[in-house]
Amino acid sequence: TFCHIGDKGIKFLSRFCVKGQKATQLQQLNLRLIDITREGMKHVMSIITSSPSLRVLDVSGNTIGDDGISLYQNLNTLTELNIGWCGLSVEGAACIKKMLTQNTTLKTLHIGGNKIGDVGVGHIAEALEDNDTLTELEVNRCGLSAKGAACIKKMLTQNTTLKTLHIDDNNIGDDGVGHIAEALEDNDTLTVLDVHSCGLSAKGAISISELIKINQ
């Protein structure tokens, strides 16, 4: 992490991992902020497919874009994936939706810092309506508004496994947090909710306080 090896560096690393027996024992791989692009992601996928024991992957802070995330399919070994700040848009969110409908092992997903917007979070929320493995979702600083919060509301009324939700630093406002609070009135699985810096006023605070009373 923070070593800026780029696509050429990760290509060399993938060759080592694919050929070496050590790769079969690899459990966690941190590739945060190493300046890889979509081309580098091809080599990351080679490492994943040759490392059946890999459980945690962090590629945050790399400009892999929507094309890079489209390579992430059939990842049925990972339990934690961090793709925050990777230059994703709505198209990337659609790829994540497809991945979530196929994956049966992922428990933690960090996608903060990607401007997927309300439509993008709608894709992800739709996938999570029927997902029974993910327990933690981070969508902070994703350009969401009250419309995006409404998508999350619908998901929370159907999902029964999500325990932690970070939607901080999104301008969902009072109406948005009201949507979330309304969904959580009947949700008995979510235990951690982060809505700081979401443009709330006293009205939004009241929605949260009423929710706390109900969930005691």
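The model is a predicted one. Its largest nonpolar core has 59 residues, and helix 4 and helix 5 have axes that come within 8 Å.

**The nonpolar core**
- Within the largest nonpolar core, the residues with the most contacts are Leu57, Tyr72, Ile83, Ile96 and Leu109.
- At least two residues of this core come from each of helix 1 (6-19), helix 2 (38-49), helix 4, helix 5, helix 6 and helix 7.
- Leaving aside residues up to four places away in sequence, Leu57 touches Leu29, Leu31, Val44, Ile48, Tyr72, Leu78, Glu80, Leu81 and Asn82.
- In soluble globular proteins, nonpolar side chains tend to be buried together.

**Helix 4 and helix 5**
- The axes of helix 4 (residues 90-102) and helix 5 cross at roughly 5°, an angle that makes helix 4 roughly parallel to helix 5 because angles under 35 degrees count as such.
- Helix 4 contributes Val90, Ala93, Ala94, Ile96, Lys97, Leu100 and Thr101 to the contact, while helix 5 contributes Val119, Gly120, His123, Ile124, Glu126, Ala127 and Leu128.

**Helix 6**
- In helix 6 (residues 146-156), the buried residues are Gly148, Ala149, Ile152, Met155 and Leu156.
- Viewed down the axis of helix 6, these buried residues fall within an arc of 110°, so they line one face of the helix.
- The buried residues of helix 6 pack against helix 5 (117-128), strand 6 (164-166) and helix 7 (173-184).

Terms used
Residues are numbered from 1 along each chain as its sequence is written. This is a predicted model: local features need pLDDT of at least 70, side-chain atom pairs count only at pLDDT 80 or more; totals for chains, interfaces and linings use all residues. Side-chain values use heavy atoms; hydrogens and water are left out. Buried means under 20% relative accessible area, exposed over 50%, partly exposed in between (1.4 Å probe, protein chains only). Helices (H or I, at least four residues) and strands (E, at least two) are DSSP runs, numbered from the N terminus. The arc is that of the directions from the helix axis to the C-beta atoms. Contact means heavy atoms within 4.5 Å. Axes are lines fitted to C-alpha atoms, for helices over the stretch in contact, and angles run from 0 to 180 degrees between N-to-C directions. Angles under 35 degrees count as roughly parallel, over 145 as roughly antiparallel, 65 to 115 as roughly perpendicular and the rest as oblique. A nonpolar core is a set of buried Ala, Val, Leu, Ile, Met, Phe, Trp, Tyr and Cys residues joined through side-chain atoms within 4.5 Å.
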